[in-house]
Amino acid sequence: MDLGPLNICEEMTVLHGGFLLAEQLFHPKTLAELTKSDWEHVGRPIVEALREISSAAACSQPFAWKKKALIIIWAKALQPYPITPSDTETLWQEDVFFSVGNMIPTINHTVLFELLKSLEASGLFIQLLMALPTTVCRAELERFLEHVTIDTSSKDVAFFLDVWWEMMKHKGNQQDPLLSQFRTMAHKYLSSSDEFSHPPKRFKSDPDVCPTVPLLAMLLTGLKQIQDRIRCPGMRCCALANLADMLTVFALMEDDPQEVSATVYLDKLATVISVWNSDTQNPYHQQALAEKVKEAERDISLTSLARLPSETILVGFESLRSLLREWREELQATLSGSQGTSYDSYRLCDSLTSFSQHLKLYLDTTSLSKEERQVASELAECVGDFLRDTNRVLKNKGFEKDITASIAMAIIEQKMDRHMEMCYIFASERKWAFSDEWLACLANSRALFREPGLVLKLLEAVMDVSATDRAVPRPQIKQVIDLILECHAHLSLPDKNKVLSGVLLSWGRKGLSEKLLGHLEGFQEDLNTTFNQLAQSASEQGLAKAIASVARLVILHPESTVKKVCSMAVVNLGTHRFLAQILTAFPALRFTEEQGPNPSTTFVVSCLKETVWTKFSTPREEKQFLELLRCLVNPVKPQGIPVAALLKPDEVLKEFVLPFLMLDVKEVDLSLRIFIQTLEANTCLEEYWLQTCSPFPLIFSLCQLLDGFSRYWQLPREKRCLPLDGKDLVIHILERLCEVVSANAETFSPDTWVKSLSWLHRKLELLDWTVGLRLQSFFGGHFKCEVPATLFEICKLSEDKWTCQAHPRYGPGTGLLAWMECSSTSSGISEQMLALLVVDVGNPEEVRLFSKGFLVALVQLMPWCSPQEWQCLHQLTRRLLETQLLHVPYSLEYIQFVPLLNLKPFAQELQLSVLLLRAFQFLCSQSCHHWLPVEGWSHVVKLLCNSLTNLLDSVRLTQSVGPWAQGQEQDLTQETLFFYTQVFCHVLHIMAMLHQEVCEPLYVLALEILTCYETLSKTNPSVSSLLQKVNEQHFLKSIAENVSPEERRQTLLQKISNF
């Protein structure tokens, strides 16, 4: 039923009829003349009309109809009288109450107050009173108090006490349109009447005071006037309780009192409702639980926005002391009676207890006059004595408390005050869990539990119940888990992370699965299905949906979920970035297990190490793992989804690099790639993260790894897990690391920096001397370069920068070897060594000896060179040939006839090719062939192929420039073809000296040389060259005839025949 506008309707007709009957009963007098004594005879029709209206509307909103009717009646009582015709016209237009009020005869306030008393509508009375403008409000309360004090009956007293109690509980409702209209109407009446132009004589107007405070002072005065009429023990309890509550809340409490805890609040509600349930005389005894809870909330939630004036407080103290002394014996006799505790007696004890506590604090902290302190102290003693005697009696009267759960659930379901706090108690209280009411409340109010804290509390409840022997049916546990997961699904991503963090902290990596595995049927299948779908539809568009799917799985079983992500990111091509984005959406996974095997290792690192680390089957998987680490350290930030790094760069180094920096560890190659990736990707970070990795020991670890390469081919095969090519990567990492540490030298104190350098320098003395040579720029001139003494024999080294040390491996005649080792470390040192070399170019014998020594040293050094070091030596050899410090005679062993050619443009290339041939002749000789294992021969063949490929590139470049650049009259085609022939012969010569299993790169190179030869020869189709081509073809075939095995030989001969 719609309450509708304030116009004539069925309900108003009933009300009109009630007033007409009352008017007839009172005839010939008018209702405006009615007195209290007349009401018993006249008022019944009006009361019955109101009750009929409320009863007819009982299925909808009876309280609202009662309020509407009382507003109309009150408006009629306030209406100015008599009304002139002009006033009538104005009221019809402006007063919304006038049309319906016109149906009611003129009445006085006695009718209003007696009607309110008969209906026991103290709450409505206060609601309407407080909606009035301040001046009208006080005047109306003044009228009410005058009404009560005349011929005061027990009903008057009871209604007065109820009104007083409702006044203290009133909190206002600014959203009610009816009350707003009522207030507006009163304002109009106020402006048109002299009646409200002055405040009530009992209280001075103060617009700045909270509107309730002066009204309470007026009620206190009213109490003093009618206290002799308060004779019933229940009413006396109520009066004292009201007075104690008023003084506690409006005089003794702090301005901003701290709210009691939710547990205490719930306990007080339970106590109040328990008393109501046992007190059959209480008006709320028969009410539904929800209505009881709403009213009990009002009873225990008194608050004040202002204090009573000090004179009012003093009057209140004196009144309470006087009444307590006067009524003490009777009240204690009533309280000690055999009948159950009434709500009035409970309120008295509870209110006095609270008052006593606050009064003690008030006396300790407030500055009072002598008189005030004496009154307050006597009152404190009086209340204390009363409570001591009373509490002995009440201790034996226990209250029903098993309704606490029902109250909490009613608050939750009705969304009453503090319902969210009740949700936390609901989720935490194990005794309530899994009852039918508990399950129904959770199911019906699930939307309220969409908070991370509540989801965690519910999960704890399920875990605890599952761990105990309580016989909870499996379907119920499954139902609750599903409800919790539904609540979890509606959380924001940050809130889901809070839940995940709580799950990991409470139950570790196993999550809920450890205790609920039996209730998570199909989890593994769900896990596989979800990730199979993710792998097939990995895209930025589906990222949010993917994160939501994984969020559910990860709280059920974090370990299985994260391990599945890690495994798929490595195995499934191209999914690593998408899956890393999913993981980095859960920063809660950055969790350290306190009870794990390694307490300092984070959860994600543990999952990576247990799932994929050391288990790669292909280079592609290693590459995807590298990319996965990159994304976990520096996450790709998708639009609209917050992500955070799950790994820190220092953590990556400590877990995946440092333990594996040894030649005999299988993972060393991948660890080095992780090292350089981490180093280069995070050099721009504001924080100097390397400091946490102990940078100097880290540098030394790399130096130790480099030192291992100096004995590389002496190591057993199983201890050579990093190829010699990896030495270049180690050197590059060492250089970058030293650059970063040097750039952040200011993060060390000067003393610490020097001590760290000294420590590193001492450690390097245990390693090969070439390792320390690489760190000279890092040492920054703190130490001299330490080199073998024999190096001083062939170099002009400054003793300010260089110092010699005895090295057993460097005896007489090894200076050139040391010189070449120095030169191979870097192009810069190579240039420096070349400048310091002491060789007399004008002395042929000295050049000849140097050249022989160079070849021997080259053979000794080549097998231990990395590609980069070999490149340095290759460039050094070219420089030596350019400066004629190195003499390499060109033999005629592969020349069929003396060519009439100008070979000067290719002199260096031919000399280098011959030098490499001589080096391999030396290396394959009887005295040296046992130096290397098969892998060593493969390595030197690779270095040889690199050098010869460089020579071919150099020759092609020289030939393509043309005669105008060379100052020749003809091009260099014949010279280039001659060079190809010579290098082809040198390659086949070397192949003949080596084991066949290491010759594949040389065989491929030989085919490439023939291709170059064929391509170039086609550019010279002249008849004069045909005979020469046939002769060269025959010559090449004769050389190729010696190649084995058969397949290679036939392929080479076939290619030569096609020229």
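What share of the 1059 residues of the protein chain counts as buried? The answer is 53%, where buried means under 20% relative accessible area with a 1.4 Å probe, protein chains only, exposed means over 50%, and partly exposed lies in between.

This is a predicted model, in which local features need pLDDT of at least 70, side-chain atom pairs count only at pLDDT 80 or more, and totals for chains, interfaces and linings use all residues. Residues are numbered from 1 along each chain as its sequence is written, and side-chain values use heavy atoms, without hydrogens and water.

**View 1. The protein chain as a whole.** The chain holds 50 helices and two strands. These are DSSP runs (helices H or I, at least four residues; strands E, at least two), numbered from the N terminus. Accessible surface is about 48,300 Å², with 52% from carbon and sulfur atoms; the method is Shrake-Rupley with a 1.4 Å probe. Among contacts (heavy atoms within 4.5 Å) with a separation of 6 or more, 78% link residues 24 or more positions apart.

**View 2. Ser351 in helix 17.** Helix 17 spans residues 343–365 and includes Ser351. Ser351 counts as buried because its relative accessibility is 3%. Beyond its neighbours within four places in sequence, Ser351 contacts Ala241, Ala244, Asp245 and Thr248. With Asp245, the side chain of Ser351 makes a polar contact of 2.9 Å. Such a contact pairs N or O atoms within 3.5 Å; within protein, one must be able to donate a hydrogen and the other to accept it, and residues adjacent in sequence count only if both atoms are side-chain atoms.

**View 3. Helix 8, residues 122–131.** Eight of its 10 residues are buried, so helix 8 is largely enclosed by the rest of the structure. The buried residues include Phe125, Ile126, Leu128 and Met130.
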